[in-house]
Amino acid sequence: MTTLLPAFSGCNTLYGAGMLELGMTFSMEQLIFDNDMIKMTKSAMRGIPVDDLTLGVASIQKVGIGNNFLAHKETRDYINRVSDPSLINRDMFGDWENAGSKDMATVAHEKFVDIMKNHEPDTIDADLIKDMQAVVDRADEDFRKTL
């Protein structure tokens, strides 16, 4: 049986994604980083599953009492499942170093470049666009009446 452990209580606003210098500067890389943090925060707010798998019971039993279950393959495979960051690298230091030892700013910039080159936005249904335009037209008409 899985129990959800609530991580936060009452938080419902995340503000300032992508902003630097009190909002005087905007950074796409900061936005990508903040998006990662917001995604992980929302995941934690949904609750953290607590069961034999998330507690690593099998890993602990396999390595034995007093031994290092954190380096066990099942533990390493599971580490990202709850928060699933796209920028934070949780590899062992040597593995990170062998993969090019990119800092988070570099990874965020690479992701930004990839998004700009490859992102294809979802199309908006024509009926929805028509309805949205009708709202704008009514607002424009109401505004013109006040002039």
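**Briefing: loops, helices and a pocket**

A71 sits in the loop between helix 3 (57–63) and helix 4 (73–78); helices here are DSSP runs of H or I with at least four residues, strands are runs of E with at least two, and both are numbered from the N terminus. This is a predicted model, where local features need pLDDT of at least 70 and side-chain atom pairs count only at pLDDT 80 or more, while totals for chains, interfaces and linings use all residues. Residues are numbered from 1 along each chain as its sequence is written, and side-chain values use heavy atoms, with hydrogens and water left out.

- A71 counts as partly exposed, because its relative accessibility is 38%; the cut-offs are under 20% relative accessible area for buried, over 50% for exposed, and partly exposed in between, using a 1.4 Å probe and protein chains only.
- Eleven residues along the chain from A71 is V82, and their C-alpha atoms are 18 Å apart.
- S59 belongs to helix 3, and at 2% relative accessibility S59 is buried.
- The C-alpha atoms of S59 and H72 are separated by 6.4 Å, with the two residues 13 apart along the chain.

**The largest pocket**

- The largest pocket holds about 280 Å³ of space.
- Twelve residues line this pocket, and R76, I79, R90, D91 and M92 are the closest to its centre.
- What counts as a pocket: on a 1 Å grid over the protein atoms alone, it is an open set of points where a 1.4 Å probe fits, with protein on both sides within 12 Å along at least five of seven lines, and lining residues have an atom within 4 Å of a point.
- Grid points are joined across faces, edges and corners, and the volume is the space filled by probe spheres set on the points.
- By type, the lining has five nonpolar, three polar and four charged residues; Ala, Val, Leu, Ile, Met, Phe, Trp, Tyr, Cys and Pro count as nonpolar, Asp, Glu, Lys and Arg as charged, and the others, Gly among them, as polar.

- F93 is exposed at 55% relative accessible area, while W96 is partly exposed at 25%.

**Helix 6 and its cap**

- Helix 6 (residues 104–118) has 15 residues and runs 21 Å from its first C-alpha to its last, close to the expected 21 Å; the expected span is 1.5 Å times one less than the number of residues.
- D103 caps the N-terminal end of helix 6, with a side-chain oxygen 3.3 Å from the backbone nitrogen of A105.
- S101 is in the loop between helix 5 and helix 6, has a positive phi near 45 degrees despite not being glycine, and is partly exposed at 32% relative accessibility.

**Loops on either side of strand 3**

- L22 lies in the loop between strand 2 (19–20) and strand 3, and is another non-glycine residue with positive phi, near 55 degrees.
- L22 is exposed, at 88% relative accessible area.
- S27 is in the loop between strand 3 (25–26) and helix 1 (28–46), and is buried at 14% relative accessibility.
- A polar atom of the S27 side chain lies 3.3 Å from the backbone nitrogen of E29.

Key: A polar contact is a pair of N or O atoms within 3.5 Å; within protein, one must be able to donate a hydrogen and the other to accept it, and residues adjacent in sequence count only if both atoms are side-chain atoms.
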